[in-house]
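Me: I am new to this structure and would like to go through it in questions and answers. Please show it first.

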Amino acid sequence: MQSDPQILELDVTNVAHGGVFIARHEGRVVFVTDAIPGERVRARVRRQKSSFWEADTLEVLEPSEHRREQVWSAASISRDPAQRAGGAEFGHIDLAHQRSLKETVVTEALARFGGIELPVTVSAVPGDDEAGGLGWRTRVSLQVDGDGRVGPYASGTHTVIEVDDLPLAHAAIAEAMPRHGVPAGTASIDILHTSGGETRVNLREQVRRRGRAPVAPANAPTIIETVGGREFRLAENGFWQVHHGAAQVLTTAVQDAIDADYFDPAAGNLDLYGGVGLLAAAVGDRFGAGTRITSVESSERATVHAGENLAEWIGASAQTARVDAYLSGLFESAGSAERARLAAGTVVLDPPRSGAGKRVIEQLVELDPAQIIYVACDPVALARDLGQLTASGYTLTGVNGFDLFPHTHHVEAVASLVRTGRR
């Protein structure tokens, strides 16, 4: 049985994955929110488990030199933890130090879950420092409670925190946020702002489950996003990078990660979990219109748009399929010549937060491509998959981090691997 909440004084020693920080109490690990390594805080225990406790900072007794005023007043430490808006869990930390902490998270995840010792640098999106890490979100989902209050959930709860501002969001989104008079029956509100300057507000009767990618029905309106002068069509509720600069950053990162000595434009190159073709287009833009590449995506609507977005590449195609099912089909149908083209190929993959997983990694190892470029939004999932790849004969040639989510704990990484001994 869980005991009554306890108030503890804790010395915070490190950062952990998930936006929490590490302290110890009588030898027990305590994961504490709204802290910074090096601080001494007063915290209230929220949950007790057999191997660790979870706690929320109530007061900072000895602040870090990196502590700043929380960028979002709705998430301030001055509020009761149950009334703090979720979504800006690093908003009390200097931006440069946020990136340093994210470097620690990725580096330690690689070591612990992948057996990989490799320092990682996390870089800012150009312009973010000048903007204070604010105004970058182009997509926001807000919740509506039974009393018509609009806002995010408090972290780890389904309590809606009514807010007056959205400092991480593009100014047009903050301006468009409904504050009063939301129609009865509305459960959530999605707001997006396109690169072309269009803002759309959609009221929904059902709450989207956390961690679930948006589903794009066949009749969903279409929007256009522009990256480096290239237009991408997609459903307005389809997946697109949230940071206004993220699509360009990842385009460049993937292009830079591909080793030209291992790349064959005529090979069986693959773009797995390809969405609407952003990264396949990055490959085609670097290596030319004749580049052969197949984009594989489970969403039929996204695949249709990928086909449109990749139409100028004569060797490009888009397939609707689960990645594991598509790879299984390749093994069943590919003859020796096609197998050789696949083995000469480059695979780019950008899986969901849970990672590619053991089965897909086993299939990639069997496919035996010359190089793999892995884009990840979860360092633990990335580390596990990279550990499996390096144990199966691939050499990790680099991991670069990108701070696509300032003032949150999230971090993106791009890893590059080559088949050992292959040239």
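Reply: This is a predicted model. Buried residues make up 52% of the 423 residues in the protein.

Me: What cut-off does "buried" rest on here?
Reply: The term refers to relative accessible area, taken with a 1.4 Å probe. A residue counts as buried when that value is under 20%.

Me: How many helices and strands are there in the protein?
Reply: Both kinds of element occur in this chain. The count is nine helices and 19 strands.

Me: Why is the protein said to be as compact as a globular protein of its length?
Reply: For 423 residues the globule rule gives 22 Å. The protein comes close to that value, so it is as compact as a globular protein of that length. Its radius of gyration is 23 Å.

Me: What share of the contacts with a separation of 6 or more joins residues 24 or more positions apart?
Reply: A contact here means heavy atoms within 4.5 Å. Of the contacts with a separation of 6 or more, the share from residues 24 or more positions apart is 62%.

Me: Which residue is the bridge partner of Asp 190 in strand 10?
Reply: Strand 9 covers residues 188-193 and strand 10 covers residues 199-204. The two run antiparallel and are joined by six bridges. In strand 10, Asp 190 is partnered by Asn 202.

Me: Which residue takes a positive phi in the hairpin of strand 9 and strand 10?
Reply: Five residues lie between the strands of this hairpin. The phi in question is near 95 degrees, and the residue that takes it is Gly 197.

Key. Residues are numbered from 1 along each chain as its sequence is written. This is a predicted model: local features need pLDDT of at least 70, side-chain atom pairs count only at pLDDT 80 or more; totals for chains, interfaces and linings use all residues. Side-chain values use heavy atoms; hydrogens and water are left out. Two strands pair if DSSP finds at least two bridges between them. Helices (H or I, at least four residues) and strands (E, at least two) are DSSP runs, numbered from the N terminus. The radius of gyration is taken over C-alpha atoms; the globule rule is 2.2 Å times the number of residues to the power 0.38. Buried means under 20% relative accessible area, exposed over 50%, partly exposed in between (1.4 Å probe, protein chains only).
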